[in-house]
Amino acid sequence: MRVLVIEDDRETAGFLQKALKESGHAADLAADGETGLAMAKEDIYDVLIVDRMLPKLDGLTVVKTLRTDGQRTPVLILSALGEVDDRVKGLRAGGDDYLTKPYAYSELLARIEALSRRAVPEEQETRYAVADLVLDRLSHRVSRNGENIILQPREYRLLEYLMKNAGQVVTRTMLLEHVWDYHFDPQTNVIDVHVSRLRSKIDKGFEKPLLHTVRGAGYMIRDGAG
Amino acid sequence: MALADVTPRLFGTTAFRLAAITVAAFLAAAAVIVVVLLSQVNGVLTEQVIAALDAEKAELQSHAGDAASLTETIKNRSRPEGPALYFLSGADGRKLAGNLNRLPPEIAGSASGGTFHYETALAKERLGVAIPVNVKDGLSLVIGRDIEDQRLIADRIRRGVLFGFGLLSLIALAGGALASRMLLARLETINQTSRSIMAGDLSRRIPLQGSGDEFDDLSTQLNAMIERIELLMNSLREVSDNIAHDLKTPLNRLRNRAEAALLESKGADGYREGLERTIDEADDLIKTFNALLLIARLEAGAFDASKEQFDIGTMVRDAAELYEPVAEEAGVALTSSIADGPSIVANRQLVSQAVINLIENALKYGRNGSADGSIAVAVANGGTNVEISVADHGPGIAPADRERVLKRFVRLEESRTPPGTGLGLSLVAAVARLHNGHVLLEDNAPGLRAILVLPVHKERRTV
């Protein structure tokens, strides 16, 4: 995956470039809004990471300009402003996701990987399958190895989101946002309990577990040990 | 003291200037009216006299006999102090008859006549009006009327008007000065209060007169503003004290962990573990900071734009559902039977967070020393208000502490052990305030019933 990081803080940018390289991605840096916009217009990137406050041209304007030009590259907006209103403004400007500084790198990585996948046109998939686990989005039915699995509505949405991002790390915060629509972090780790309940329904009694916990990051549904 | 300060400023005040402008405008208008009136009166009186003179002139000319009979007629008509004045002279200019001593110089060369001054027998100077009358035989006749009395009346009116104007101006200026003195005195009390507030005494308030006038209105408004500023200042002071106290502890812990990892020479694994724990500690600190910032922004009231309409029943039910498995694992029964509705207009994320904070609090503190660990979540629709309540059977909060726990970083001593920022309830209170609602903490006998009261906006229900 090729990532453009538009960030004026040298240290943050350098850290992101190094960390993305370690994760197997290529990252280019732009230190101000104008350079960033020019580079983003080349349309060779899979994901843009845009800081909200930039010299010359602020992040929101960069994103707005790109969107007005019809560029659809997924954008993750980074910001020190983390309240509900700021988020809404960021997404309204055309950002696809919003992350508040300071953030855990694992969170950022999980999000840009989910974003880059979103760029692939598969929005209207009616069926997700991982190994023998099948989720039918039309009938809302879930089965494993042909056996019907009864899920609560929320468990269904949890599984749906995990399977949509199959093979990729999904963080607890992402689950809270997409499954529960909560854009804040509660004190207690509520997600773990829900995931372990879901796991007991889809993995219990089967030899090969599909729902994995990724230490220090979140969860992932995938086939095999991979 | 204050009076001496005030006097020189008196004439510079808006009140005084307004009074002065009003008086000047009134005087100018009145002066125009008086001048017009006087000239009208004068005109009418003079015209009457001229008309009488013209009639007499015609009469004298019509039966003009010879010089002798004319002289006789004039002699008869001339009375020493009468209002009718005559002067008949011969061709040589000598006086033949009449009660004027001499031909008035003002009339001498004039064809149409006019006013003139003359002296009576008693040597009093009076005013008259006269016209020349053409008579034969080289005689010259001037007839006139005394108008001294009219002049006196006009003079008296003029003097009366001037005196009136003068008096009026004085009264108006004095009134203006008095009004501005009063205004200045009222303003001075406001100024004094604001000076002592600026000097740091935020407890001062502007005294009210109780008359309910516009100054009382203004003072009430200003007092409300000062009240709010004092509240904000106090909470700011409290927060900075608490930040210093409550953030130092985790920062110390973070530092100690990093140091411990360096000291223990357990190799790469040891370092990794030390770093991970350091990051955990940093994450907790960030959470605390975020909560603090959020509360600060809520209290600044900058969230209006992101309100939306949603069903509060559904929202609370979802929150309870999220925590049911957590409660179950902790051996607590979390019960909720919540119907849909009512629909409210609020910031959904913030209200969700507030409700979740209440549930987490109940889970955290609700079990202490209590056999019955059940938690009940409910929504009561009170028409204009909706009450979201979370009730536990824990130790509860003593009535004396209930106000206090809504403040930032206040954690009751007995509950310091479970992890937490000490900001949960204050965030709930801030969210409630932002939405014009409030938080009630009640005795659940035993335990605590925390109630978030939010207003229901009926007028926006049409969506």
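Which residues does B:Val428 touch, not counting residues up to four places away in sequence? They are B:Ala354, B:Asn357, B:Leu358, B:Val439 and B:Leu452; two residues are in contact if their C-beta atoms, placed from the backbone, lie within 7 Å.

## About the model

This is a predicted model, in which local features need pLDDT of at least 70 and side-chain atom pairs count only at pLDDT 80 or more, while totals for chains, interfaces and linings use all residues. Residues are numbered from 1 along each chain as its sequence is written, and chains are lettered from A and ligands numbered from 1 in the order in which they are written.

The model scores ipTM 0.84 and pTM 0.64. For chain B the average pLDDT is 81, and 91% of the residues score at least 70; pLDDT is the predictor's confidence in each residue, from 0 to 100.

## Chain B at a glance

Chain B has 10 helices and 12 strands. Helices (H or I, at least four residues) and strands (E, at least two) are DSSP runs, numbered from the N terminus. Of its 463 residues, 25% count as buried. A residue is buried if 20 or more other C-beta atoms lie within 10 Å of its own, exposed if 12 or fewer, and partly exposed in between, with C-beta atoms placed from the backbone. Among chain B contacts between residues at least 6 apart in sequence, 61% join residues at least 24 apart.

Helix α10 (residues 424–434) of chain B is largely enclosed by the rest of the structure because 10 of its 11 residues are buried. Just after α10(B), B:Asn436 has a positive phi of about 60°.

B:Val428 and B:Val431 are also among the residues with the most contacts inside the largest nonpolar core, which has 110 residues; A:Ile49 and B:Tyr323 are others in that group. A nonpolar core is a set of buried Ala, Val, Leu, Ile, Met, Phe, Trp, Tyr and Cys residues joined through C-beta atoms within 7 Å. Another core lies apart from it, with 22 residues, among them B:Leu70, B:Leu100, B:Phe116 and B:Tyr118.

Strands β9 (residues 375–381) and β10 (residues 385–391) of chain B pair in the antiparallel sense over 6 bridges; two strands pair if DSSP finds at least two bridges between them. B:Val379 stands opposite B:Ile388 in β10(B). The hairpin of β9(B) and β10(B) has 3 residues between the strands, and B:Gly383 there takes a positive phi near 90°.

β10(B) is also joined to β12(B), running antiparallel, by 7 bridges. Here B:Ser389 stands opposite B:Ile451 in β12(B).

## Where chain B meets chain A

The contact takes 23 residues from chain B and 19 residues from chain A. On the chain B side, α7 (267–300), α8 (312–329) and α9 (348–365) are the elements that give two or more residues. The largest share, 7 residues, comes from α9(B).

The residues on this side of chain B divide into 11 nonpolar, 7 polar and 5 charged. Ala, Val, Leu, Ile, Met, Phe, Trp, Tyr, Cys and Pro count as nonpolar, Asp, Glu, Lys and Arg as charged, and the others, Gly among them, as polar.
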